[in-house]
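Work through the exercises below with the sequence and the model open. Try each task before reading its solution.

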Amino acid sequence: MTKLIEQAYELARERFAAVGVDTEQALARLDTLPVSMHCWQGDDVRGFENPQGALTGGIQATGNYPGRARNATELRADLDKAMSLIPGPKRLNLHAIYLESDRPVARDAIEPQHFAHWVEWAKQHQLGLDFNPTCFSHPLSEDGFTLAHRDKAIRQFWIDHCKASRHISASFGKQLGSPSVMNVWVPDGMKDLTVDRFAPRQRLMAALDDIFSEKLDPQHHLDAVESKLFGIGAESYTVGSGEFCLGYATSRQVGLTLDAGHFHPTEVISDKISAAALYVPRLLLHISRPVRWDSDHVVLLDDETQAIAHEIVRQQLFDKVHIGLDFFDASINRIAAWVIGTRNAKKALLRALLEPTDQLRQLENQSDYTSRLALLEEQKSLPWQAVWESWCLRNDVPADARWLNEVQHYQQHILSQR
Ligand SMILES: C[C@H](O)[C@H](O)[C@@H](O)C(=O)CO
Ligand SMILES: [Mn+2]
C-alpha cells in the first residue's frame, strides 16, 4: 500500500507540475494551517459543570449514539483517538463548561487552574488551545438573555464570566506559546415580535466594550464575536445579528466569527470572507453544515466547504483567518464525526492549495471566462487524492477509509464499556 501511494504521488506531482502547481509547496503550506477542533462534538455540548443539565441557548444536539464522553479524561482519550487519525496541525477549542474542579465553581469565578489538565494535555500533544465563554445552559440564561439582559445584575454576571474567560484564554496562550482565540457567542434573542430591538443591542454593545476594555497581550489572546440569525426559541430576533457583529468587530477592531450555519439559507460565508477581511483584523471560521437550519451537521467535502478553503487560499489570508469547526452530531459515532469533518476541512484546504490560481486569475483579468470555467472544472479531476494520501502517510495516519477500522475497534473496546 505504501509503495502504491508513493508511486501515485510521484505521478500526481508531475501531473500538477504540468499545470504549474508545486505539490511540495502546497503541502508545506498545509503544514502551517491548523484546524481548531471543537471539544463539544465529543459529549453533545454538555460539559462537566452540570452534564445532566439541559442544553439551552437555542442549539440542539440530536441523537443518542452510545459512548458519549462523561468526563474530561474520557473526552481527552476520545480526542487522542480522533486526532491520531487526522493529518497535520490541529488545535483544540474549549468551552468554559469543560472546566475540571472537585467542587462547583460559579461561571463568574472560573480561573486558569480549572483548565490545568487541559493545558498539560495540550503541551504533551504540542497543541494550541482556543476558548469560549459559555453563555448558555445556565439558570441565569433561561429567559433567553445574557449580555443584553435588562437586569443589570444578570448582565454583570455574564460580563464577569466573559472577563474571567479572557484571563483563562490568555493563560492558554502564555503557557502554550500560541495565541488563544476567544469567541464570544451569546444566544440573546426573542421568540416573537419584538418591539424594542434597539435597547438590547445597546446593552450588548456596552457589555462587550466593558469585557474587552482590559488590554491583553495579542501574543496570548485574541477576541472575536460571533453573529447568528436565529435560534430555537429565538426565531424572531437575535441581538447579536450579522450586522451587529460586523459593525462591532469593524468599529472595535476585534475578530469576527463567521459560522456557516448562522445566516439565511441561501447566504454563504465563503462570500463574506473577502468583504469582512477588508474591515476586521481577523476572522474566525466556524465551518459547519446547516441542513435547512443551523443544524450543525458534520462538515462534508461539499461545494461550500471547498469555496471557504478557496477564499482563504486565493486571497492568501493565512495569517488573518483562524480555521475552526462547529458541529455536534449525537446520532453517529462522535469520534468518527470529528474525523470525517476535520479530514474534510483539510482536504478542502489541500485542493485549494493545488489550484493553479495565478493562471485562473490571469484568465479572469483577460475576461476569458470560457477558459476560466473550463479550467476550474478540469482541475477538479486532477489527482489531488494521491497528494492527500501521501500527506497522510507522511503524518503517519491512515490514508484512506481504514481509519474507520480503528474507530470501530475503539468503539468495541472503550465506548461500549461506558
Ligand atoms: C457551542 C458553540 O459555541 C456554539 O455552537 C456557537 O458557536 C454557535 O454556533 C451557536 O449556534
Ligand atoms: Mn458557531
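## Exercise 1: A metal ligand and its surroundings

At 1% relative accessibility, His286 counts as buried. The model is a predicted one.

**Task.** Which residues coordinate the manganese ion (ligand 2), and which arrangement do the donor atoms make?

**Solution.** 

Step 1. List the donors. Glu226 (OE), Asp259 (OD), His286 (ND1) and Asp326 (OD) coordinate the manganese ion (ligand 2), at 2.1 to 2.2 Å.

Step 2. Check the angles. Six donors count as octahedral if opposite donors are over 155 degrees apart and all others between 65 and 115. The 6 donor atoms around the manganese ion (ligand 2) subtend 70 to 172 degrees, so the arrangement is octahedral. For comparison, ideal angles for six octahedral donors are 90 or 180 degrees.

Step 3. Read the spacing along the chain. The donors of the manganese ion (ligand 2) follow E-x32-D-x26-H-x39-D.

Step 4. Check burial. The cut-off for buried is under 20% relative accessible area. Asp259 has 0%, so Asp259 is buried. His286, at 1%, is buried as well.

## Exercise 2: Cysteines

**Task.** How many disulfides does the structure hold?

**Solution.** 

Step 1. Set the limit. A disulfide needs two cysteine sulfur atoms within 2.5 Å.

Step 2. Take Cys162. Cys162 is buried, at 0% relative accessibility.

Step 3. Take Cys245. Cys245 counts as buried, at 3% relative accessibility.

Step 4. Give the count. The structure holds 0 disulfides.

## Exercise 3: The largest pocket

**Task.** What lines the largest pocket, and which element gives the largest share of the lining?

**Solution.** 

Step 1. Start with the volume. The largest pocket holds about 430 Å³ of space.

Step 2. Find the centre. The lining has 19 residues, and those closest to the centre of the pocket are Gln25, Gln316, Leu353, Glu355 and Thr357.

Step 3. Assign elements. Two or more lining residues come from each of α2 (23-30), α9 (303-314), α10 (334-353) and α11 (357-365). The largest share, 4 residues, is from α11.

Step 4. The lining divides into 8 nonpolar, 5 polar and 6 charged residues.

Conventions
Residues numbered from 1 in each chain as written. Chains lettered and ligands numbered in written order. Predicted model: local features only at pLDDT ≥ 70, side-chain atom pairs only at ≥ 80, totals over all residues. Heavy atoms only, no water. 1 Å grid on protein atoms, 1.4 Å probe; cavity = no way out; pocket = protein on both sides within 12 Å on 5 of 7 lines; lining within 4 Å. Points joined across faces, edges and corners; volume = space filled by probe spheres on them. Nonpolar A, V, L, I, M, F, W, Y, C, P; charged D, E, K, R; others polar. Donors = N, O, S within 2.8 Å, 3.2 Å for Na, K, Ca; no water. Tetrahedral: all angles 85-135°; square planar, octahedral: opposite > 155°, others 65-115°. Buried < 20%, exposed > 50% of the residue type's maximum accessible area, 1.4 Å probe, protein only.
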